[in-house]
Amino acid sequence: PLTAQVKNKAPAEVQITAEQLLREAKERELELLPPPPQQKITDVEELNDYKLRKRKTFEDNIRKNRTVISNWIKYAQWEESLKEIQRARSIYERALDVDYRNVTLWLKYAEMEMKNRQVNHARNIWDRAITTLPRVNQFWYKYTYMEEMLGNVAGSRQVFERWMEWQPEEQAWHSYINFELRYKEVDRARTIYERYILFTLLVIVHPDVKNWIKYARFEEKHSYFAHARKVYERAVEFFGEEHMDEHLYVAFAKFEENQKEFERVRVIYKYALDRIPKQEAQNLFKNYTIFEKKFGDRRGIEDIIVSKRRFQYEEEVKANPHNYDAWFDYLRLVESDADAETVREVYERAIANVPPIQEKRHWKRYIYLWINYALYEELEAKASKRTRQVYQACVELIPHKKFTFAKIWLLYAQFEIRQKNLPLARRALGTSIGKCPKNKLFKGYIELELQLREFDRCRKLYEKFLEFAPENCTSWIKFAELETILGDIDRARAIYELAIGQPRLDMPEVLWKSYIDFEIEQEEYEKTRSLYRRLLQRTQHVKVWISFAQFELSAGREQNLSRCRQIYEEANKAMRNCEEKEERVMLLESWRNFEEEFGTDTTKERIDKLMPEKIKKRRKLQAEDGSDAGWEEYYDYIFPEDTANQPNLKLLAMAKLWKKQQQESEAAEMDPDKDIDESQS
């Protein structure tokens, strides 16, 4: 068989999809539908024939599917258009037998009767509808509206009463109230409000405050202000403190504000703010602030600001109870404004948040809560008994076996002294030293006894202190100074001797200096020299030599210059092997200053010969990983006395001479005329 051969197999320029084909077919189908023919009926027989055919079509559609209510409604509306009301009723009744729960069917049936002014028939249908389906609010609204439009106010009220027996939703009650208000029946409307409020109390588990507010505004609108206030008070009493709502109190306060009862408004706002959770009272705060700005004084506005800040701090400490900075700010606020009981309550809440970890760094901020609490009780509340209880509770709470706070013990002792109770102060400090000895506690206790001039107690405390911390040079010095003040020089010297004999000291140089100064004050120069010699046996530091030389200079005798020069000589010999050349240079400079002031030309010339020469050198640098990091320049000192460095000095001198000759030859080459003039001359 022959087959068609396609010559051009390339794709078409315009591609058409299946979707486009289907859309075009649908569009053309709508365009090409022929209009229905216009049928003109000219006589009765033709009309009856048309009716018969139409009814047969409707009946066939119903017979096919009886549950499609739209077919019944179309059938009935067609009969209604022919003024066949009886037939239309029959169709609606047949439809209700099929599905009596269909709301649209009842509505269409009743609307048909109302349009044809069949009032009694419409009432009958509405009665049947609300009896069959009492929870369909639309039937009740339509029924009451029809009776009201007919002027049958009593009938409409009767329908509303039947509706209220079914305990409908909120809007139905308000429709009934508005109906009575349209006819100026205020007492009836009040009765309905009371019934509705009673219904909410008995039936609704969580009633809404807006119904109470509407009731109160209804009374206010009709100038029954006493009734309105009573409604608000009943609402506040009903909701109590468990289900408080800010909207109720805002509405109550605004009502009292309209009545110019400003004190009552302020009381309402404060009552609500004290009891409603802070996160739910934002609107209440805002309205209270506006009210105070309008009608309050400066004190009232400050109270609002304090309340807002207090709310913020409450939120912060509730989110993190161990945020002690927030507690400090909160306490500062309540101390400036609240009474003593409120302040104590906040302090008790704050100190109840003990740090969960027994480490001192976690307790440093917390312990200041106790300190501030005690200071408040003593200075502001003037309650010394409570202050003592606070201090005692604090020292019992601190875990002294792990750490302690000397500040709290000292503050406790100082408080007892202010109360003229010296035995308790001593007992507190003695307990602190026995439980947890610390340098600060010893110092504070000693200072207290010094102020009381109890020197025997001070000696005992210093002994205990030095048994506890023998390496503390400051304690040895203070103890020796105390004995010096008391005039017991031998005890002071013995203390110094014990101190420098300790195997371990934190600041030995300070201790030796203090001992030397002590001997100088006592004008015991031989003992001072002996101390310097003992110190130099332990250390060859340049400052010790310089200090020794200056002591000899200031000793006040004829041989002081020779002794001083001898010390410098010894120091210079001792420091020749010192690796730190800067210290040796420091010694020589001090010696030169001495010779410039007290020496002769010979001694000055000699010290000038001893001064080193400063030269610049380079050395390699190495990084941490051992790699080459470049070169570094540094200054070195070459001392003439060092015999090992003599060859280097000769080499350096020859290098300088060669450099000078090179510079002279270069200058001669640059200026040949000068050489000619010199040869002629």
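Student: Are helix 28 and helix 29 roughly parallel or roughly antiparallel to each other?

Tutor: This is a predicted model, in which local features need pLDDT of at least 70, side-chain atom pairs count only at pLDDT 80 or more, and totals for chains, interfaces and linings use all residues. Residues are numbered from 1 along each chain as its sequence is written, and side-chain values use heavy atoms, with hydrogens and water left out. The axes (lines fitted to C-alpha atoms over the stretch in contact, with angles from 0 to 180 degrees between N-to-C directions) of helix 28, residues 508–521, and helix 29, residues 525–538, come within 9 Å and cross at roughly 165°. Since angles under 35 degrees count as roughly parallel and over 145 as roughly antiparallel, the two helices are therefore roughly antiparallel.

Student: Which residues of helix 29 does helix 28 meet?

Tutor: Contact means heavy atoms within 4.5 Å, and helices are DSSP runs of H or I with at least four residues, numbered from the N terminus. From helix 28, the residues taking part are Trp512, Tyr515, Ile516, Glu519 and Ile520. In helix 29 they meet Lys527, Thr528, Leu531, Tyr532, Arg534, Leu535 and Arg538.

Student: How many nonpolar residues does the contact of helix 13 with helix 14 have?

Tutor: Helix 13 (residues 246–258) and helix 14 (residues 262–275) pack at an angle of about 170°, with their axes 8 Å apart. Among the residues in this contact are Phe252 and Glu256 of helix 13 and Arg264 and Ile268 of helix 14. Ala, Val, Leu, Ile, Met, Phe, Trp, Tyr, Cys and Pro count as nonpolar, Asp, Glu, Lys and Arg as charged, and the others, Gly among them, as polar. By class, the contact has no polar and three charged residues, and the nonpolar ones number nine.

Terms used. Parallel < 35°, antiparallel > 145°, perpendicular 65-115°, else oblique.
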